[in-house]
Amino acid sequence: MRWVALKYVKPGFVLAQRVSDERGRTLLAQGIVLSESYIRRLNRVGVRAVCIHDRATDDVIVNEMVAEPTKAELLTLTYDTLSELGSGHFSPKMKPTFLRKKLGPLLEDVIQQLREGNGAGEQLGSVYIADGELFHHSVNVTFYVLTLGLYLNLPKDDLLNLGIGTLLHDVGKLRVRREVLQKPGRLTPEEFREIQMHSQYGFEILSALADISATSALIALQHHERMDGSGYPNGLMGDQIHLFSQLTAVVDVYEALTANRVYRQAYLPHEAFGLIMRDRGTRLSTVGVDAFRETISIYPLGMSVRLTNGDLAVVIQASAGNDQQPVVRAIENARGEPIRPYELDLRNSPDIQIETCES
Ligand SMILES: [Fe+2]
């Protein structure tokens with residue numbers, strides 16, 4: 001099986017995993033043969049990629065890092081929570097103990113699943129396909145940061161505080177004007193300052209909630225601080241920045257680089273990884289970048305990629321560590337015709353590399 005971005009899905013493809021909506025309800029069951037109208041429907045509801053069967057990759061077993069229903073529930077809850085916190089008036093059910101009560105057990109479930117997946121490594125779903133929407137971004141960043149937290153053997157309470165703080169780290173953006181957040185062109189200095197205020201706003205929102213720990217609120221305040229003092233809002237350096245904020249910063253930067261933004265195309269995973277490695281020990285925390293490098297496979301198993309020779313290939317062996325180039329199997333030529341599959345270890349392939357990701 002392999003992941004394919006919806007824009008590359010053709011009628012006749014067979015679903016290898018069910019597709020569900022944001023609330024976890026099944027839209028299309030596993031095994032369904034996709035038709036034009038199904039594809040249109042998936043497009044309409046905003047599905048970005050599907051996992052499909054195909055004979056050339058049937059030996060590739062793709063597991064989600066976090067089970068679909070759990071992820072769907074977390075997305076819904078994050079959406080509701082962020083909207084309520086951003087609006088500034090909470091409904092009765094959102095009163096103080098609500099957040100921890102609702103988010104706590106769900107995050108514990110996520111942590112357990114990530115733990116069982118051995119820190120998720122090669123099974124991490126692709127963040128490349130995610131759009132820039134606040135709650136998708138928040139959920140992705142949270143899965144990644146918890147993977148780093150598990151690698152660093154943080155105790156359970158710390159993992160929970162790290163998870164809650166990361167999930168809500170950008171809540172302050174809801175107080176920034178939409179037209180500034182989504183402005184396609186260059187920002188004026190005033191607009192830039194307005195966006196930067198989201199750290200402070202987020203801290204104010206979270207500090208006011210009795211059941212959110214101080215360390216969780218600090219993540220909102222400090223996730224744009226940089227180790228060399230070049231960040232905002234306070235230009236903190238090194239250990240002045242809480243470890244949780246250091247970890248969130250690494251993942252937040254990676255996720256932002258690999259997501260399409262209104263003003264630029266996404267970087268390829270290995271380009272973004274290179275940029276993170278470049279900042280290791282200067283702008284970004286050494287501990288955080290090292291944990292990222294050791295646990296995250298930036299080209300996860302089953303991801304579809306277009307090679308520089310025009311062939312379509314699928315990742316069949318993910319890699320982590322210093323060299324993130326995976327082993328791939330080419331299955332189609334540039335015209336979309338099946339070819340006799342061949343495998344390529346991109347670490348030893350100077351001539352052929354990844355051109356784009358197609359899932
Ligand atoms: Fe932020």
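**View 1. Irregular iron site in a predicted model.** The 4 donor atoms around the iron ion subtend angles of 85 to 172°, which makes the arrangement irregular. The protein donors are Asp170 (OD), His198 (NE2), His223 (NE2) and His224 (NE2), lying 2.1 to 2.3 Å from the iron ion. Donors are N, O and S atoms within 2.8 Å of the metal (3.2 Å for Na, K and Ca); water is not among the atoms, so sites may look incomplete. This is a predicted model: local features need pLDDT of at least 70, side-chain atom pairs count only at pLDDT 80 or more, and totals for chains, interfaces and linings use all residues. Residues are numbered from 1 along each chain as its sequence is written, and side-chain values use heavy atoms, without hydrogens and water.

View 2. The donors follow the pattern D-x27-H-x24-H-H. Asp170 lies in the loop between α5 and α6 (178-181) and His223 in the loop between α8 and α9 (243-258), so the pair ties together parts that are 53 residues apart in sequence. Helices are DSSP runs (H or I, at least four residues), numbered from the N terminus. Both Asp170 and His223 are buried (under 20% relative accessible area, 1.4 Å probe, protein chains only).

**View 3. Contact of α5 with α8.** Asn161, Leu162, Ile164, Gly165 and Thr166 in α5 meet Thr215, Ser216 and Ile219 in α8. Contact means heavy atoms within 4.5 Å.

Conventions. Helices (H or I, at least four residues) and strands (E, at least two) are DSSP runs, numbered from the N terminus. Four donors count as tetrahedral if all angles lie between 85 and 135 degrees; four count as square planar and six as octahedral if opposite donors are over 155 degrees apart and all others between 65 and 115; anything else is irregular. Buried means under 20% relative accessible area, exposed over 50%, partly exposed in between (1.4 Å probe, protein chains only).
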